[in-house]
Amino acid sequence: MTRFSPSDAAMEGFRLTKEHPGVMLAWSAVYFGGILLIAMVMMATLGPQFIALARKGQLNASDLDTVSDLLAASWPAFILVLMMTALLMSIIAGGVMRLVLRPEEHGFAHLKIGRTELKLTAANLVCIGLYAVSVIVGVIFTAGAAQAGSVGAALAIILVVAFGCWIGVRLSLLLPTVFETGQVSLRLAWERTKGHFWQLFGMIVLSVIFYVIVWILFSIISFAIVEISGGEAAMQDIGRLTPLTAIAAMITLVMQLLLQVLQIVMIYGPFAVAYRDLVLEDAERAEDFA
C-alpha cells in the first residue's frame, strides 16, 4: 500500500524552499544569469531595430506591428531562444528532482549540465509540442462543433478540456521518468501513472491552488514596496531615482526571480515526490516481497 499523499506532494515546493533557502537563492542567481544570456541572444539575433524599440520602453500600436513583423521574419532565432529557455528550465528541474530523488548528488547547488539535462530538455520540448498540437486540434474540433450551436460548442469545450486533463495527468510523470531512467519515453510515463489518475489529478489541482496563493502574496508585497518607495513612475524615471526607490527596485527584482524559481520548484517538486512514492517505493516493496 503506497503512502503517497496528494496534499503532501503538492506542498513539496514549500518544503524544499524552507529546508534549502541557500539552494533557492543559488537557483535564482542561475536563473537570472540564464535569462540575461537568453535576452542577449535575442537582441543579437533580432538586430538593431528590435534593440531600438526595446529602448523606448513604451510601445505604441505601430511599434507592436513592427515587433510582430520582426518575430515572423526571425523564427530561427526564436527556435534557438525556445531551446535555450527549455534548457534553463530543465537545469533547474533537474536540481529539483535531484533534491527529491537523489539528494546525495550535489553539483553546484544540486544543479548540473549533462546528458540528463539534455534529455529533460528534449522531454520539455516534446511536452510543448504535444500542448501546441492539442490546442490546434481542440480549436478545430470546437469550431466544428460550434456549427451545431452554442450547446454543441459548450459540449465540445468540456470534452476538449476533459480529454486534455486526462492526457496531461497520464503523462505527468514524464520528466521524473526521464530523470530516473534516462529514456524519453511517453510509453513509460503512461505506464507509471496507471491506476493513479485521481491521486495525481488531486495533487495537480492543489499545486495550482498553492501557487496562485503564493503569486497573490508576492504581488501584494511587491505592490506595497513599490507604492511605499514612490510608485512605479519613480522607479522608471532615472532622474527621480532615490536610494529608497533603488532599494525597492532591487527587492522587487529579487522577489520576481524568487517567484519564478519557486514556480519551477512548485511545478516539478510534486511530480518528483509522486514518482518517488508511487513508482520507486512500490518497486522496492515488490522486490522485498519477491
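Visitor: Where in the model is the place of histidine 110?
Guide: Histidine 110 lies in the loop between H6 and H7. Please keep in mind that the model is a predicted one.

Visitor: What makes the phi of histidine 110 worth a remark?
Guide: The phi of histidine 110 is positive, about 70°, although this residue is not a glycine. Most residues other than glycine have a negative phi. Alanine 109 has its place in the loop between H6 and H7 as well, and alanine 109, not a glycine either, has a positive phi of about 55°.

Visitor: Why is H6 called oblique to H7?
Guide: The axes of H6, residues 75-101, and H7, residues 115-145, cross at roughly 120° and come within 8 Å. Angles of 65 to 115 degrees count as roughly perpendicular and those over 145 as roughly antiparallel, while the rest beyond these and the roughly parallel ones are oblique. H6 is therefore oblique to H7. The crossing in which H6 passes H7 is right-handed.

Visitor: Which residues of H6 and H7 meet?
Guide: Among them are Leu82, Ala86 and Arg98 in H6, and Glu117, Asn124 and Ile128 in H7. The residues of this contact of H6 with H7 comprise nine nonpolar, four polar and two charged.

Visitor: Why are H7 and H9 described as roughly antiparallel?
Guide: H7 and H9 pack at an angle of about 155°, and their axes are 9 Å apart. Angles over 145 degrees count as roughly antiparallel, and H7 and H9 are therefore roughly antiparallel to each other. Their crossing is right-handed. Thr116, Lys119, Leu120, Ala123, Asn124 and Cys127 of H7 make the contact with Leu174, Leu175, Val178 and Phe179 of H9. Seven of the residues in this contact of H7 with H9 are nonpolar, two are polar and one is charged.

Visitor: What is the volume of the largest pocket, and which residues are closest to its centre?
Guide: The largest pocket has a volume of about 1,300 Å³. It is lined by 38 residues, of which Cys127, Tyr131, Gly164, Gly168 and Val169 are the closest to its centre.

Visitor: Which helix gives the most to the lining of the largest pocket?
Guide: H7 gives the most, with eleven residues. Helices that each supply at least two residues of this lining include H6, H8 (150-170), H9 (174-181), H11 (197-228) and H13 (243-289).

Visitor: How do the residues of the lining of the largest pocket divide into nonpolar, polar and charged?
Guide: The lining has 29 nonpolar residues, nine polar and no charged.

Definitions and conventions: Residues are numbered from 1 along each chain as its sequence is written. This is a predicted model: local features need pLDDT of at least 70, side-chain atom pairs count only at pLDDT 80 or more; totals for chains, interfaces and linings use all residues. Side-chain values use heavy atoms; hydrogens and water are left out. Axes are lines fitted to C-alpha atoms, for helices over the stretch in contact, and angles run from 0 to 180 degrees between N-to-C directions. Helices (H or I, at least four residues) and strands (E, at least two) are DSSP runs, numbered from the N terminus. Angles under 35 degrees count as roughly parallel, over 145 as roughly antiparallel, 65 to 115 as roughly perpendicular and the rest as oblique. A crossing is left-handed if the near helix is turned anticlockwise from the far one by less than a right angle, and right-handed if clockwise. Contact means heavy atoms within 4.5 Å. Ala, Val, Leu, Ile, Met, Phe, Trp, Tyr, Cys and Pro count as nonpolar, Asp, Glu, Lys and Arg as charged, and the others, Gly among them, as polar. On a 1 Å grid over the protein atoms alone, a cavity is a set of points where a 1.4 Å probe fits but cannot get out, and a pocket is an open set with protein on both sides within 12 Å along at least five of seven lines; lining residues have an atom within 4 Å of a point. Grid points are joined across faces, edges and corners, and a volume is the space filled by probe spheres set on the points.
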